[in-house]
Amino acid sequence: MEGYEGGTMSNHQVSSSKIRKATGTKIYDSSSKIFKREVNATLVSLVEKVISCTDVPTVWSFLLDTGELQSVQALLNSCSRALPCYTVVPNPDGKECQSMKAVYPTLRVHHTTSHALIPILCDHTSAVAKEMRQTGWKGFSYVWLDYCGTFQSRAGKERQGDVTRLFKECLLNRHGCVLSLTFSQRGTMPLYQHELVDTIVSFTCGTAAQNGYQCTVKGVFYYSASRSRGIKNEMSQADLIYTLVFLVNISSENLLRKAISDPVVETCTSERANKNGMVFIEGWKPFDLKNRDMFPLLQGLSTLSDLFAQSVFNYFTSLPGEVSENELKVLILDNKMLTTTRSLHRICDRLRVDSFLYLQSEKEMYFAQQIRSHFNLKNLIEIQTKSRTKKSSSWIWDAFGSENSTQFDAIWLDY
């Protein structure tokens, strides 16, 4: 059954592999329940504050939850305008769906993934979307996509697609929405501390801006998954779980000024963070590299980039006459941190350097643009993406072909 009728459960067939990818490896033991309870308390308090600034009569919510109903119950117990019949919960596991419906018969449970359900909500002709609009749905005031999975993997691309559709199809209430995203750092090799947060913030705020939304980062929770399972060690960078909290609106009215400017809520003090192993950062300062730990890979890239930039500077300043005053053209195949580009512009600041920058991945473009703006790289002519094809023997040939007339004074290729 596609539609939601009289409290029945929507059923969209999902394969076992889809279930594993969607649910990940969530283990809600006693320790992790403390973390989730703490995050829930913060989120529903913020939802209540946002709703009090608007005239929205009901809180429509979109939550990823299980049969334990931690997020649903926290919302219904604390938010006066939230009801089960206004709460949408996709879950690809049939048993979990049945458990949720047994507790809240009118809860809008859909036996499918968020990746399958969100496109249905975008389709104005679907029975699900029609019925919700007839019931008064004008966008969600609260969304928590508690993936606990990766962001940049194959499954992560589907998760990014969820976020993109929420903004592109205006599924978030224009007067104000609390949007929360939970991702894991496992399986990645970060370049610096909290790189994943910068990546998610860049992606989310960039997608919001492209679709007319204002997006403010209210704060970031994080904890170590291994510590949540009782492993007594220092917080490991390899398995951090991050929950980012955004405040989103599209209305020109300034009703959310107080909710934006006020601290989130006092649910996660430093004392409790130390005791439970969870940390909360109020707001977020992106690309704050001076106050973040750089990990060995980025340290190595930075050292090599400085050596290259210094070599360029030494060579061209040693040339006779006015050669060193000429405009230099440098071709750079860089990473998303623009490591080499930043080194070149910092060390060669006395030279006239025009950089032609390329990335090999389109998904890193917005991040790189934010880095460019943050570090004010004025001489950076352009950023383009050019992937190397499987059959290619030369990235340069792919990028420029045989008819290229540009001659470069220096070239850096970071494959």
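**Close-up views of a predicted model**

**View 1. A buried arginine pairs with a glutamate.** Arginine 108 has a relative accessible area of 3%, so it counts as buried. This model is predicted. Arginine 108 forms a salt bridge with glutamate 131. Their closest N and O atoms are 2.6 Å apart. Arginine 108 sits in strand β4 and glutamate 131 in helix α6, so the pair ties together parts that are 23 residues apart in sequence. Side chains of opposite charge can pair when their charged atoms come close.

**View 2. Lysine 36 meets aspartate 146.** These two residues form a salt bridge, with the closest N and O atoms 2.9 Å apart. The pair links distant parts of the chain. Lysine 36 belongs to helix α2 and aspartate 146 to strand β5, 110 residues apart. Both residues are buried. A search of the whole structure finds five salt bridges.

**View 3. Lysine 336 reaches glutamate 195.** Their side chains meet in a salt bridge, 2.8 Å from N to O. Lysine 336 lies in the loop between β10 (327–333) and α13 (339–347), while glutamate 195 is in helix α8. The two are 141 residues apart. Lysine 336 has 6% relative accessibility, so it counts as buried. Glutamate 195 is buried too, with a relative accessible area of 7%.

**View 4. Helix α8 crosses helix α14.** The axes of α8 (residues 195–210) and α14 (residues 365–374) come within 9 Å. They cross at roughly 100 degrees. The two helices are therefore roughly perpendicular to each other. From α8, the residues in contact are Asp198, Thr199, Ser202, Phe203, Cys205 and Gly206. They meet Tyr366, Phe367 and Gln370 in α14. The residues of this contact divide into four nonpolar, four polar and one charged.

**View 5. Helix α5 is largely enclosed.** Seven of the nine residues of α5 (residues 114–122) are buried, so the rest of the structure largely encloses this helix. Among the buried ones are His115, Ile118 and Leu121. The buried residues of α5 pack against β2, β3, β4, α6, β5 and α7.

**View 6. Leucine 121 in the largest nonpolar core.** This core has 44 residues. Leu121 is one of those with the most contacts inside it, as are Phe62 and Phe140. Helix α8 gives the most to this core, with six residues. Beyond its neighbours within four places in sequence, leucine 121 is in contact with residues including Phe62, Val128, Met132 and Trp137. Another core, of 35 residues, lies apart from the largest one.

Key:
Residues numbered from 1 in each chain as written. Predicted model: local features only at pLDDT ≥ 70, side-chain atom pairs only at ≥ 80, totals over all residues. Heavy atoms only, no water. Axes fitted to C-alpha atoms, helices over the stretch in contact; angles between N-to-C directions. Helix = DSSP H or I, 4+ residues; strand = E, 2+ residues; numbered from the N terminus. Parallel < 35°, antiparallel > 145°, perpendicular 65-115°, else oblique. Contact = heavy atoms within 4.5 Å. Nonpolar A, V, L, I, M, F, W, Y, C, P; charged D, E, K, R; others polar. Buried < 20%, exposed > 50% of the residue type's maximum accessible area, 1.4 Å probe, protein only. Core = buried A, V, L, I, M, F, W, Y, C linked by side-chain atoms within 4.5 Å. Salt bridge = Lys/Arg side-chain N within 4 Å of Asp/Glu carboxyl O.
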